[in-house]
Structure formats: C-alpha cells, structure tokens
Amino acid sequence: MSIFDIIVLVVTKMKRSTVDRSKLSPMMVQYMNIKDKHEDCLIFFRLGDFYEMFFDDAIIASRELELTLTGKNAGLEERVPMCGVPHHAYASYIDTLIEKGYKVAIVEQLEDPKTTKGMVKRDVIQIVTKGTRIDNSLDSKANNYIANIYDFDYCKGISYTDVSTGEFYTELLEGTNEEIVREIVRHGFRELIVNERIDRELVNTLRTTYGILITIMDDLSDDEEYKYIYENIDDIRITTTVRHLLYYVLDTKKGDLHHLKRCELVKNSKILFFDNNTKRNLELVETIRSRDRQYSLLWLLDKCKTAMGSRYLKQQIESPLTDKKELERRYDFIEKLSCEFILRDDLRTALNDVYDLERLAGRISYGNLNARDMLQLKRSLNALPTIKSILEQLNYDKKIETLEEVANILEKSIYEDPPLTLKEGSLIKDGYNDELDELRKISSGSKDFLLDIERQEKERTGIKNLKVGFNKVFGYYIEVSKGQKDLVKDEYGYERRQTLANCERFITPLLKEKENIILGAEEKIINLEYKLFMDIREIVKRYITNIQEISKVVSEVDMLQSFSVVSDEEKFVRPKLIKEKSLKLIDCRHPVVEKVLSDKYVSNDIIMDKSTDILLITGPNMAGKSTYMRQTAITVIMAQIGCFVPCKSCEMPIFDKIFTRIGASDDLVSGESTFMIEMKEANYAISEATESSLILFDELGRGTATYDGMSLAQAILEYIHDKIKAKTMFSTHYHELTGLEKELKHLKNVHVSAVEEDGKITFLHKVKAGSIDKSYGIHVASLAHLPKDLIKRSKDILDVYEHKSVKQETFMQTSLFELNEAEVEHVEQVNEVEEKIKAINPLEMSPMDALNFLYELKKKMKE
Ligand code: ADP
C-alpha cells in the first residue's frame, strides 16, 4: 500500500454531515456555510491559484476528473478530503462534470487577498448547469435550452429559454404524462425545473429514461427588473410558469441577464407538429445510427454563413410553419435570390464577416466577454451597411439597422490584436483617451530612458557587456558578467542585489526612481484600460435590443440565401400550396439519399388526389418503400419551412401534423417490447391525427404473429379510412391487404417492383400502380452474404411452404374476406385430414393398419 493509498483511506472516511463544526478552521466554516446553501452542487472553492473541492465533492470530483485525492488540515483530527484544479484551467474540468450531469457552483474570492486583513470574503458567483451555460464551448449551430414544467393540476405550463441567445418561449399543455414526456423530449431539453406538486413518476421517467437533469423547487421570481419578460401576458398560469423558470435562471447565473427577450407564446396550431420519433426517423437534424449532423436534412440544407443562420434553420426544421402567407413570402425571396445570383454571392460574402451577434449580445449583457468579442462585434457591424444595401436592392421586406455609431466607437477604441484577458492591457487604441495616451508616453519615455542609462553606464564604466534588465522579483537592474565584475567601482553607487553563476546584478537610485514611474504608469495603464473597456461595454449594452433585432433579420436572410443556393444546386422547385386535400409530387426524390448515393436516384411520383387518402405500398425488402414514404414527409417539411422541394413539380396542401412509424424506435430503454411501442405509436397517431395530417406506417403489425398483425393492420387502415381521413402511406408485406382496394374507396395500391433474372434480383426503385406479392427476402439475405448452405436450406423450406400455401392463404382469407364455395369445401377437407391424423396413435397401430390409414388419407386428399 502506497502513502497515497493510505491518505485516500484515511481521508475518504470523513463525511461533511458528521463533522464537529465548532472545531473547524474559519476558512472551513466559510466553506461549510456556502455548501449548506448549495447542497445539490459541487463547490469549486477558490483558494489562491486553485479551485478546491472538499469532503464528498472532492471524492466525486477526484473520481470523475481523475484527480489526486489529498487531504487538508481543517482543525479536525483527520484531514478533510480535498482535491483541486488550477484556476486558469477550470473550464474544461467543469465541462466534464456538467456533461456527466453535475451542477457546479463557482465560489470566488470577493476581495483582493493582498489588501484584505484576515480572511477574504467568498461567495458563489455563478452556478454552472447543463441548461444555463453561455460559454464558448457551446455548439454554435444549436440552441441550448433550459426549461421548466409548472404543474397546475389541470394543465401544465412549460417555458424554455436559451440563456446564451436570450430567446424565451412559453406554452400551456393539457394532457397525460405520456404527452408531456413527448413534448419535453421533442424539444430535446437537457435540464428541467419542476414545481413540488408534479407527479414524481413523471419526474422519474424524465430523469432515468431520458437522462434529463431535474431540479424541484417552487420559487417564483418577482424581480422588478425582469418583469418586462412577461408583463405583456395576461394569463396568470403563463406568467407563473415564466417566473418559475426565471427565478432559477437568475439564481444560477447571478449576473446581468437583460439580454433575455420578452417571452413569446408558442401556439402549436401555428406549427407543423411531429414528435421526437418522427424527427429521428426522418433524420431531420441527425442520423439515426451515428447521431451525426452529417447526412441529415439539416446538413443538406445548411449553407448558412453565420452560426445564427444555422441555429435558426435547425429551429425551423424542428418546428415548420403552417402559415401560407409567410411560406409564400419565403418562396418569393428565394426566387428573387436565385434570379439575382450575383447579389446573392455578394450577400454571402458580406455574411461571412458576421459573427454570432446573438450570443455576443448575451455575453455583453452578462459581462463575460473579452476584447476579441468586441472586435467580432465591430467586424459584424461593419458588414451591415453592405448587407443593408443588398437587401434593399432585393426589395427584402424587413429593415436592418446598421448601428454605425457603435461600430465607430469600437473602431476608435479597441486594439486590433488584443489578449484574451482584460487585466494585461493592450486593449485600447492610442488616441482614444488622453489620460491613457499620457501614461503610455510616460511609460515608453521611461523605457527609452532606461536604454539611455545602459548606454551611459557602459561609457562611464567601460564595461562593454553591461545590460539593463528586468525581472518580477528585483525589478529593473544592471547586469555585469562575472568576468567584468571587478570593473564595478564604489564611486558608481551600484548596490549589489543578486549573484548568479555567471553574472552579478545591481541597482542604482536613479534606476529605482525610473522603475517606480514605469511600474506605476503600467499599473495605471492596465487599470485605466480595464475601466475604459468596461465603459465601452456599458455603451454597447444600451444597444443589446437593437443587436438582437439585427440578429433576427440576419438569421432569416442567411437561412433563405442558404435555401436559394441549395435549391439551385440540387434542382429543387417552388411548391404550390393549395387548399384542396390533394398531394401531387411529380418526380420526387429523397434529397439526402440522392446526394449521398453514387448510383442514380430513381425519382417517383406521389399522387394522392382528393379521392385518395391511403396509399398501400407493397414490394420486396430493399425495394425503396420506406425511402418513398420518407421523401414524402421530407418534401412536406421542406415546403413548410419555406424551402423549395426535391421534385419536378409539387402541389400540396398545408399539413398540420406528421406521424411516422418507420424503423426502430428510440424508446429502447422504456422496458417495453418493440411491438408494444409500435402499437402505442399507432394509437398516438390515430388519436391525434386530423384530416390535414400525414401518416406514414412502415410495415405496421409485423412485430406479432402473421394473422394478428395482418388483422390489426387492416383494422387500422379501415379506421383511418373511415374516421380520420388523413393522407396515409402504409407499406406492408401482407399481400392479402391489397384486396382492400376493392372495399375502401379512398385506398389505392401501389408497388415497388424488382426484376429477377438468373436467380439474381435487381431493384428498380420505381413505384407503380397496383400491387406485388413477392418478397424476395431470401435474395436480400444472400445479398447480405448469409452462409450459402443456410440460403439453400431456406429456399428448400420456402418451397415446402409455397406448396402448402394454398392452405395458408385460404385460412387467411377466411378471417378477412368471404370464401367461394369450392374454397370452403377444400378447407373442410384439409381440416378433416388434420383431424384424422391427430386422432391416431402410431404406437398402437400395426404396420397393416398404418398402411391402410395412409391409403385412406391419400384418397381423402385426392377428393
Ligand atoms: P424498403 O423499405 O423497401 O426495404 P428502403 O426504402 O429501405 O427499402 O431502400 C433500400 C435502399 O434502396 C436504400 O437504402 C437506398 O439506398 C435504395 N433506394 C431506395 N429508394 C431508391 C430510389 N428511389 N432510387 C435509388 N435508390 C433507392
């Protein structure tokens, strides 16, 4: 056992709750008081150049961050468990802890230890949590929301804000726990605040199944300064919900959050609604398999030049619109941009210089910005006049301010290559402030003077390699090499300060005098630069609302120019939005599959006119059934975010909701079987869908026994057909269902064909009217390189089944359709043979009896 192990053993025994506080050192008492108020956080306690953690926090942090666990004397017999991280590198450690689901409270020294007698004051300056981060490590292309649920028993208020951009939204929801979970997961919230009244089962599901960080508390903000966020709303349920979330955000961030915008009421009726499963299944913002943005719809459409544009695009894809006027407005502008492609190029070039204004506004308000952020702001503002002029030439209908006055101040004030920190100087340009210029003159004049001293002293003493140098401990000194040190005479007035191996260092009264001036001036410069910087920040802060308005316009323009570029490159067309419930997508493609596929993509028509609500799609595996369905939904979504669509022509109504049951569900952790989840999703779709919805069901019912599945599938189809009348695409291997075309007026069969030649199968990916009954499953299996023997065996088995299939198909029909007389008779005979076999016991039969029995059966079969 090493000494380290012994320490670990000794220190880890001690718990904070069992400590005799009367014996603790004053600093540890201070720590305990702070920790008492923040039990749910790991405390990063600033001690000199380190952030230290104590007790359980230290044990957790040492394990999670792989830090050495040591101990600290705190007045007790045993040492208190402790570990720490250097203050300049704390950010990455906090990142790791936050990602692992912890909250971290940063405790700073609030007084300068050099000038304070006794113990310095310390307190929490900020609590860092998953949902309230505003640092640079956030993904610039996605929002980071913190949300709450406020349970009013009869309904629930949900609000959410991105503290880095200031966006604030709120909505009211009625519904079961399941629906609430669906809504929370749809938004992808990672941190939630809930009130005490909330159902703990709901909390549990969100915590354990979806890994959401949850804090339970009831406090409401009544901070006058932030009332503006909700004062335009009358509904007390909404204001309560907003105040609940606001309390938490203000309490954790502790700084100035005036960049938070007035909260916007979200109305689900104004968006094309779909849940998280659909978002995943259609691979809208990430792929299912690798959860990567690459190869998602977002990836394809994102030719944005700014982070704001990319974020806005993601928001739009997640919540498309239902407002025809707004969609047409977007199409018009895309069209205009595509015609004026030279202006579009100029616009793209100008947007290149626009940084993340939205998050910069957040940092200006909160105060965690540096001079480089100010430069980014300046460069962004400098690009605005060009953008404004281009938008005017394009007759764009929204105005954009250019804030030239702010750009001018920044141009005059902020140094072009400033350091990251604000306490090193080099922030402010010459000529901006007289006092600063004066101090700089003194400082540099004195430096020149030092060079003069070096020259003069060389001449006076004749010591050729004499140098004037500087270090932090001794300040300015005269250095003489060992070989020449005897040349130093008393009359020069040199005082020896330091002897090194190869030189001696001296000071003189004149040198010290100059040093005082220089160092005094330098300190003053640094302080003054800091103050000037803060003043500039205050000026800029007055323009935060304007900057946010500019960001909004830039985000939209950037997204639309991206749509225009992609539409040109990928040959998308303007959709025609019509009132009738009729969908006509000619030569439609799946835009991402088309982009990625090395072979040529086969386009297909999707035609569901007024009299067709359901397309029943049959076809072998791998033929392209689910791609066909997906491309329909993707086209609808693209049209409803205001983008052009991957078709030769497109006529469609505006949809209100999309439901999909395609591929695997992401609900694997819920403990329910795939079939159960499938049925729940089917239920969700049929209970929520309306006439204006789009439903995609891919092989629904396959998760159970054939007859079960087929019966359910048929019943669901009938239900949709008669009661819901939503546009529905339903793929199936149950060929028997294609007979429904005769029964259900609004159902049409289509199929995706394949050709078989010399035992090889080619998928044509072409969708045609009518149905097909071959599945080619074994061909697909052989394409997947299953062992040859196994493939052969399955062919043999299939052969057997196919010979028996008369019986099977007949049985199936019994349950679904009326049989003709001959079929009924045949079934009865087959059943009789079965009954006879069941009735005998071969062990009790003589060979002769057995032979007779066989003969009898054969006769029966022949009949
Ligand atoms: P199914 O649902 O019928 O089993 P998929 O829709 O999953 O088939 O398609 C299988 C593969 O075929 C896809 O991964 C894609 O590469 C290719 N594919 C599908 N549709 C097309 C098409 N229209 N043109 C070209 N390739 C396609």
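Which residues in α14 meet Phe-533, Ile-536, Arg-537 and Val-540 in α17? The first close-up answers that, after a quick word on the model. This is a predicted model, in which local features need pLDDT of at least 70 and side-chain atom pairs count only at pLDDT 80 or more, while totals for chains, interfaces and linings use all residues. Residues are numbered from 1 along each chain as its sequence is written, and side-chain values use heavy atoms, with hydrogens and water left out.

**View 1. Helix α14 meets helix α17.**
The residues asked about are Ala-371, Met-374 and Leu-377; contact here means heavy atoms within 4.5 Å. Helices (H or I, at least four residues) and strands (E, at least two) are DSSP runs, numbered from the N terminus. Helix α14 covers residues 371-393 and helix α17 covers residues 509-541; their axes come within 12 Å and cross at roughly 40°. That makes α14 oblique to α17, where angles under 35 degrees count as roughly parallel, over 145 as roughly antiparallel, 65 to 115 as roughly perpendicular and the rest as oblique. The axes are lines fitted to C-alpha atoms, for helices over the stretch in contact, and the angles run from 0 to 180 degrees between N-to-C directions. The crossing of α14 with α17 is left-handed, meaning that the near helix is turned anticlockwise from the far one by less than a right angle (right-handed if clockwise). Sorted by class, the residues of this contact are 6 nonpolar, no polar and 1 charged. Ala, Val, Leu, Ile, Met, Phe, Trp, Tyr, Cys and Pro count as nonpolar, Asp, Glu, Lys and Arg as charged, and the others, Gly among them, as polar.

**View 2. Ser-380 sits in helix α14.**
Ser-380 is buried, with a relative accessible area of 0%; buried means under 20% relative accessible area, exposed over 50%, and partly exposed in between (1.4 Å probe, protein chains only). Not counting residues up to four places away in sequence, Ser-380 touches Asp-353, Val-354, Tyr-355 and Leu-357. Ser-296 is 84 residues from Ser-380 along the chain, and their C-alpha atoms are separated by 29 Å.

**View 3. Helix α11 packs with helix α18.**
Here's another pair of helices. Helix α11 (residues 324-339) and helix α18 (residues 544-570) have axes 9 Å apart, at an angle of about 60°. This crossing is right-handed. From α11, the contact uses Glu-326, Arg-329, Arg-330, Phe-333, Ile-334, Leu-337 and Ser-338. On the α18 side are Glu-556, Met-559, Leu-560, Gln-561, Phe-563, Ser-564 and Asp-568. By class, that gives 6 nonpolar, 3 polar and 5 charged residues.

**View 4. Helix α6 has buried residues along one face.**
In α6 (residues 200-209), Leu-202, Val-203 and Leu-206 are buried. Seen down the axis of α6, these residues fall within an arc of 100°, so they line one face of the helix; the arc is that of the directions from the helix axis to the C-beta atoms. Over on the other side of α6, Glu-201 and Thr-208 are exposed. What covers the buried residues includes the strands β7 (146-151), β8 (156-161), β10 (191-194) and β11 (213-216), along with helix α5 (177-187).

**View 5. Helix α3 and the residue just after it.**
Buried residues in α3 (residues 55-65) are Phe-55, Asp-57, Ala-58, Ala-61, Ser-62, Glu-64 and Leu-65. Their cover includes α2 (26-37), β1 (42-47), β2 (50-54), β4 (80-86) and α4 (90-99). Just past the end of α3, Glu-66 takes a positive phi of about 55°.

**View 6. Asp-587 and Lys-725 each have a positive phi.**
Asp-587, in strand β18 (residues 583-588), has a positive phi of about 50°. At 23% relative accessibility, Asp-587 is partly exposed. For Lys-725, phi is near 65°. Lys-725 lies in the loop between α22 (706-724) and β24 (727-731), and is partly exposed, with a relative accessible area of 31%.

**View 7. Gly-663 lies in a loop.**
That loop runs between β22 (658-661) and α21 (674-688). Gly-663 is partly exposed, at 27% relative accessibility. Leaving aside neighbours within four places in sequence, Gly-663 is in contact with Asp-698 and Arg-702.
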